[in-house]
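User: Hi! I'd like to learn how to read the features of a fold, one at a time. Could you walk me through this one?

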Amino acid sequence: MTRVGRRWASGGLALVACLLALACGTLHNPTEPKPAPEKNSVSNPPDPGGLPAPVFGGPAASPSPSPSPSTDPSGQATPPPSSGEGSTECGQPLPPPITIIDVKVHLRGSDAWILDSTPLVGPDLEYCRKIGFTDNRSVCPVRPEGNPQRSACELYAIGRAKDTNRPGPTWYRNGNFCTGRASGCENNGDNLFLLNAFSSGRYQACAVTGICGEVEVDR
């Protein structure tokens with residue numbers, strides 16, 4: 001073989017050896033493909049406290065309804081509710097502060113409508129039970145109907161009228177005192193819890209504390 005032939009044979013063997021080495025390296029050191037990230041995935045790390053996530057948007061608790069009495073339209077300063085008048089005759093338990101005065105049309109007469117007013121205390125289930133109401137009511141008069149202490153307890157709770165200074169509520173028609181037919185209304189005899197209403201209007205019965213009840217008269 002010539003010198004040139006031997007050179008090509010030697011180079012060919014070297015090339016074959018290199019190709020075999022590359023092939024072996026590929027077989028012994030395979031390249032592992034990296035997994036592709038999942039699409040539309042969201043990372044949710046666990047709560048470190050181990051507690052469930054709060055739920056928003058639930059219904060809010062509704063407060064319990066409470067009485068919404070009107071206020072004395074005279075705007076005069078009122079004495080403290082515990083002035084003490086009538087407390088001895090009323091006896092125990094003394095009424096808590098009244099929360100509203102229940103005013104209603106008692107009688108529809110041809111000459112006048114008779115309005116009636118009743119001061120109410122509560123909600124106070126224990127007080128109502130102690131004075132004789134056993135029907136589990138929590139809002140009640142200061143004493144049951146017919147109780148001999150009722151007048152004194154109402155005087156203690158409601159005071160005296162601002163226009164007459166007699167025991168009972170102060171009556172107003174459209175914000176004005178009831179002084180007779182010219183004013184459209186007048187007190188019904190000696191009982192200031194009753195009123196003669198001659199004309200239509202907004203009638204209020206108010207305690208010295210400023211708590212009032214009202215009724216609309218349309219005659």
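Analyst: Happy to, and let's begin with contacts, meaning heavy atoms within 4.5 Å. Leaving aside residues up to four places away in sequence, Leu 195 touches Trp 113, Ile 114, Leu 115, Trp 171, Cys 178, Cys 185, Glu 186, Asn 187, Asn 188 and Tyr 203. Two notes on reading this: it is a predicted model, where local features need pLDDT of at least 70 and side-chain atom pairs count only at pLDDT 80 or more, while totals for chains, interfaces and linings use all residues. Residues are numbered from 1 along each chain as its sequence is written, and side-chain values use heavy atoms, with hydrogens and water left out.

User: Where does Leu 195 belong, and is Leu 195 buried or exposed?

Analyst: Strands (E, at least two residues) and helices (H or I, at least four) are DSSP runs, numbered from the N terminus. Leu 195 lies in strand 8. Buried means under 20% relative accessible area, exposed over 50%, and partly exposed in between, using a 1.4 Å probe and protein chains only. Leu 195 is buried, at 0% relative accessibility.

User: How do I read a nonpolar core, and which residues touch the most other members here?

Analyst: A nonpolar core is a set of buried Ala, Val, Leu, Ile, Met, Phe, Trp, Tyr and Cys residues joined through side-chain atoms within 4.5 Å. The largest one has 29 residues, and Leu 115 and Tyr 203 touch the most other members. Elements giving two or more residues to this core include strand 3 (113–121), strand 8 (191–197) and strand 9 (201–206).

User: What about strand pairing: how many bridges join strand 9 to strand 10?

Analyst: Two strands pair if DSSP finds at least two bridges between them. Six bridges link strand 9 to strand 10, and the two run antiparallel. They make a hairpin with four residues between them, and Gly 210 in the turn has a positive phi of about 95°. Strand 9 also runs antiparallel to strand 5 (residues 170–173), with four bridges. Five of the six residues of strand 9 are buried.

User: And where does a charge sit over a ring?

Analyst: That label requires NZ of Lys or CZ of Arg within 6 Å of the ring centre and within 35 degrees of the ring normal. Here the charged end of Arg 108 sits over the ring of Trp 113, 4.7 Å from its centre.
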